[in-house]
Amino acid sequence: MNTSLIKNTIGKILILEAGFLLLPLAVAIYYRESFNNLFSFLITIAILLVLGIYLSKTDIENMKFGIKDGFGVVTLSWLSLSFFGSLPFLISGEIKSFVDAIFETASGFTTTGASILVDVEAMSQSMLFWRSFTHFIGGMGILVFALAVLPKTAKGSVNIMKAEVPGPTFGKLVSKIDITAKILYKIYVSMTVVLILILILIGMKPFDAMIHAFGAAGTGGFSNKALSVGYFDSAAVDYVLGIAMLLYGINFNLYYLILIGRAKDIFRSEELKVYFTIVLFATALICIDISHLYHSFANLVRDVFFTVASIITTTGYATADFARWPLFSHFVLLMLMFFGACAGSTAGGLKISRVIILFKSGINAIKEAINPRRVVSISHEEAPVPREIVKSAHMYFILYVGIFISILFIISIRIDDFTTAFSAVAATLNNIGPGLAAVGPTGNYAGFSPYAKVVLTFAMITGRLEIFPVIALFAPNTWRKR
């Protein structure tokens, strides 16, 4: 492990976080909030700058990131971001428990959207802004942002993006990784600015528009309203945010194709076709299942479309209490929770491309069992899938199931209701937020014990980083010096 380079990089990440905190500080000044709120941001910024400058001045022995270094710096950066990002909540007293503050902040950065807040509307504007802004930061990835804005100082930066960008494979848009990062962030920021403007044009207040655009962009789901998006009771808002969530659930590499004049190639994407097919199919199935609960077909389609878009993109916004829907609809929604959206998007879950590879691999295994002499290759996106990618998908799925069962077993010690426990693990490991029963769209995680909250915080970070970086961090041979 290249510890000196990791310390240097984490130092720069902490300095970036200090810079991000200037925005909620500006919000606190704009709304003339108490000195206590101003102080909470100022002291956190000071701590981050002192520690960040100290670490960033570490003498680097080797200017190259290996795969383990990429895993290490990504996991430690996300842990550091969550810890220091929680300080404003604690210092201001708006969240009094250290465990709760860490849970809420990790939920923000990992774009999970699970909350311990009982009365979200009682929070100050600056804290609500910081809470939702963590979604925007975490959506595309803080390390990707660092690669886009910081001077290139080390080789092997691609291993950082491989560790942070979700999906079974990672492809550079251009030959230089820092330019790839800049392109991704320009697309991400531009889409979010457009979304904010559209939300303002259809009637949202600018502050509300920013909060909900950040949640849609990062597919996180934090709202500044207790009723979430349902508070606005607007078909226009529901459809704009529903479509926006689906767009952020698309592989951002496809948007790059539009920029370079290859828009037609988007329609050849197998993952995109499967993604929208699942959305349409799930919407139709749930509409049929719950049609007897609605008197208006327009309201039925509106609520189901929004819920399906919110769940498959792992955003977690709500306009309807889907916990009251029939069991079949719950099953469909649970499947969407596990599927997630496309690789290379801001969403969580297994990812559609990985599900496609696993499905095709299963079909091929059946064919080979029936005819042992037959050798069938797997193709995806009009190209053969390398054996190591198939193996990686299988390994990821095995680890995913193992970790899911382990976390469920651990928290079942303190949670009596199976539906609550199962959906809480599904909602945190897949970075969704709301689940079913006690953690449904009208509930939260406030009633969980500190023990369960710590375990689920681990689940959120593990799910966001897609398991391997977190496991690598705790492997004994990871920390051996080269």
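A: Start with contact: it means heavy atoms within 4.5 Å. Helices (H or I, at least four residues) and strands (E, at least two) are DSSP runs, numbered from the N terminus. This is a predicted model, where local features need pLDDT of at least 70, side-chain atom pairs count only at pLDDT 80 or more, and totals for chains, interfaces and linings use all residues. Residues are numbered from 1 along each chain as its sequence is written, and side-chain values use heavy atoms, with hydrogens and water left out.

Q: Which residues of H2 meet which residues of H3?
A: On the H2 side they are Leu 22, Pro 24, Leu 25, Ala 28 and Ile 29. On the H3 side they are Leu 38, Phe 41, Leu 42 and Ile 45. By class, this contact has nine nonpolar, no polar and no charged residues. Ala, Val, Leu, Ile, Met, Phe, Trp, Tyr, Cys and Pro count as nonpolar, Asp, Glu, Lys and Arg as charged, and the others, Gly among them, as polar.

Q: Why are H2 and H3 called roughly antiparallel?
A: Axes are lines fitted to C-alpha atoms, for helices over the stretch in contact, and angles run from 0 to 180 degrees between N-to-C directions. Angles under 35 degrees count as roughly parallel, over 145 as roughly antiparallel, 65 to 115 as roughly perpendicular and the rest as oblique. H2 (residues 22–30) and H3 (residues 35–56) cross at roughly 160°, their axes coming within 9 Å. H2 and H3 are therefore roughly antiparallel.

Q: What makes H1 and H3 roughly antiparallel?
A: H1 (residues 3–20) packs on H3 at about 155°, with the axes 7 Å apart. The pair is therefore roughly antiparallel. Their contact divides into ten nonpolar, four polar and three charged residues.

Q: How many cavities of 30 Å³ or more does the structure hold?
A: Two. On a 1 Å grid over the protein atoms alone, a cavity is a set of points where a 1.4 Å probe fits but cannot get out; lining residues have an atom within 4 Å of a point. Grid points are joined across faces, edges and corners, and a volume is the space filled by probe spheres set on the points. The second largest cavity holds about 50 Å³. Eleven residues line that cavity, and Ala 347, Gly 348, Lys 351, Asn 431 and Arg 464 are the closest to its centre. Its lining has two nonpolar, six polar and three charged residues.

How values were computed:
1 Å grid on protein atoms, 1.4 Å probe; cavity = no way out; pocket = protein on both sides within 12 Å on 5 of 7 lines; lining within 4 Å.
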